[in-house]
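I am opening the notebook on this structure. The entries below record what I looked up.

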Amino acid sequence: MKALYYERFGGPVTAADLPDPTVPDGGAVIRVEASGLCRSDWHAWAGHDDTVALPHVPGHEFAGTVEAVGAGVTRWRPGDRVTAPFVNGCGACEWCRAGAAQVCPQQTQPGFTHWGSHAELVAVRAADTNLVRLPTGLEADAAAALGCRFATAFRAVTARARIQPGQWLAVYGAGGVGLSAVMIAEALGARVVAVDRSPAALELATRLGAERTVLAGPDAASAVVDATGGGAHASVDAVGSAETATASVRSLRRQGRHVQVGLLATAVPDLPLDRVIGWELDVLGSHGMAAADYPEMLALVASGRLRPQDLLGRTVGFDEAARLLETAETAPPTGIAVLHPVG
């Protein structure tokens, strides 16, 4: 197969001809139609994830068709159109059996724990637990965003932030996860204030439903409190820095809910724990979304209330994808870029 490939962290990313993945028992191999380019791929390439072994093929959000299934698979056959969460559960532990595969202790993640989807083929283990059938009419480019950014935002906004119609949600970071959170919250009837350092990103957030926007900086939290009439009911840090995590907590009204989605690679936030206690704030983590929780999100996509396709930017081939992966940390907001492994 052809795939993006690097041999050292921070080193050159190239398109290479590599061995096809083997079909795992209980798993499947997917022929990739589209694979989203995500900032998390940059974190892996930069050496921020200790699960990545070199040499490596990145990519963790994808859509395609089942190429082959392993022994014991009962729900899938070659030709089925599918996607999968970026966290693949083992399918057997107590968390997987309860539908919470996103916290499986034996989880694997394509593009991190093994070679990923910036390739013509990718392996997924425990296919009966982790694969998700795509609705008729949902194009591969839009579906490729569901495995990580969109599904991550959906669970963060609905299950963790528990946002309700009419409530204020503060979203820190107008990248892929943040913009998805803006769209989802607006579709559910919430009021959204988006925070970012880029005016262009804030303009995108406004187009996707943000009622108010705030330019990131030392006074962002107080600006959010003012914009929301006393603080947001819930907040999401989709960036992952000490500054944004702390500001997100300080943006809340009493008994508000902060959800940490952005990865904190090295920084340790100085959270105001006195306020967390005195105001009874909830500080929550959110880590993707299990395949078992996809039906609610896909029903909203099928109905047209959610439009992940509106987050798309451009499609690229391997050479351009390699360049974009290396520059993802500083890239301007242009919508989600999607790799087409063929054509």
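I take buried to mean under 20% relative accessible area, exposed over 50%, and partly exposed in between, with a 1.4 Å probe and protein chains only. The model is predicted, so I note that local features need pLDDT of at least 70, side-chain atom pairs count only at pLDDT 80 or more, and totals for chains, interfaces and linings use all residues. Residues are numbered from 1 along each chain as its sequence is written, and side-chain values use heavy atoms, with hydrogens and water left out.

Entry: salt bridges. I count a salt bridge when a side-chain nitrogen of Lys or Arg is within 4 Å of a carboxyl oxygen of Asp or Glu. The structure holds nine of them. I looked up Glu61 and Arg149, whose side chains meet in a salt bridge at 2.0 Å, N to O. Glu61 is in the loop between H1 and S4 and Arg149 is in helix H5, so this pair ties together parts that are 88 residues apart in sequence. Helices (H or I, at least four residues) and strands (E, at least two) are DSSP runs, numbered from the N terminus. Glu61 is buried at 0% relative accessibility, and Arg149 is buried at 7%.

I then looked up Asp80, which forms a salt bridge with Arg133, the closest N and O atoms being 3.5 Å apart. Asp80 is in the loop between S4 and strand S5 (81–83) and Arg133 is in strand S7 (residues 132–133), 53 residues apart. Asp80 is buried at 14%, whereas Arg133 is partly exposed at 43%. I also noted a network of salt bridges that links Arg314, Glu320 and Arg323.

Entry: nonpolar cores. I use the term for a set of buried Ala, Val, Leu, Ile, Met, Phe, Trp, Tyr and Cys residues joined through side-chain atoms within 4.5 Å. The largest core has 56 residues, and Leu146, Phe150, Leu169, Tyr294, Met297 and Leu306 touch the most other members. Helix H6 (residues 176–187) gives the largest share of this core, eight residues. Apart from it lies another core, of 17 residues, including Tyr6, Val52, Ala321 and Leu339.

What is Tyr294 in contact with, leaving aside its neighbours within four places in sequence? I take contact as heavy atoms within 4.5 Å. The list for Tyr294 is Thr83, Ala84, Pro85, Val132, Leu146, Gly147, Ala151 and Met289.

Entry: aromatic rings. I pair rings of Phe, Tyr and Trp (its six-membered ring) if their centres lie within 6.5 Å; planes under 30 degrees apart count as stacked, over 60 as edge-to-face and the rest as tilted. The structure holds one such pair. The rings of Tyr5 and Trp115 have centres 6.3 Å apart and planes at 80°, so I log them as edge-to-face. Tyr5 is in strand S1 (residues 2–5) and Trp115 is in the loop between helix H2 (94–97) and strand S6 (121–124), 110 residues apart. Tyr5 is buried at 14%, and Trp115 is partly exposed at 30%.

Entry: backbone. Most residues other than glycine have a negative phi, and most peptide bonds are trans. I found a cis peptide bond between Leu54 and Pro55, with omega about -5°. Ala126 has a positive phi of about 45° although it is not a glycine, and Ala126 is buried at 14%. Arg162 also has a positive phi, about 50°, and Arg162 is partly exposed at 37%.
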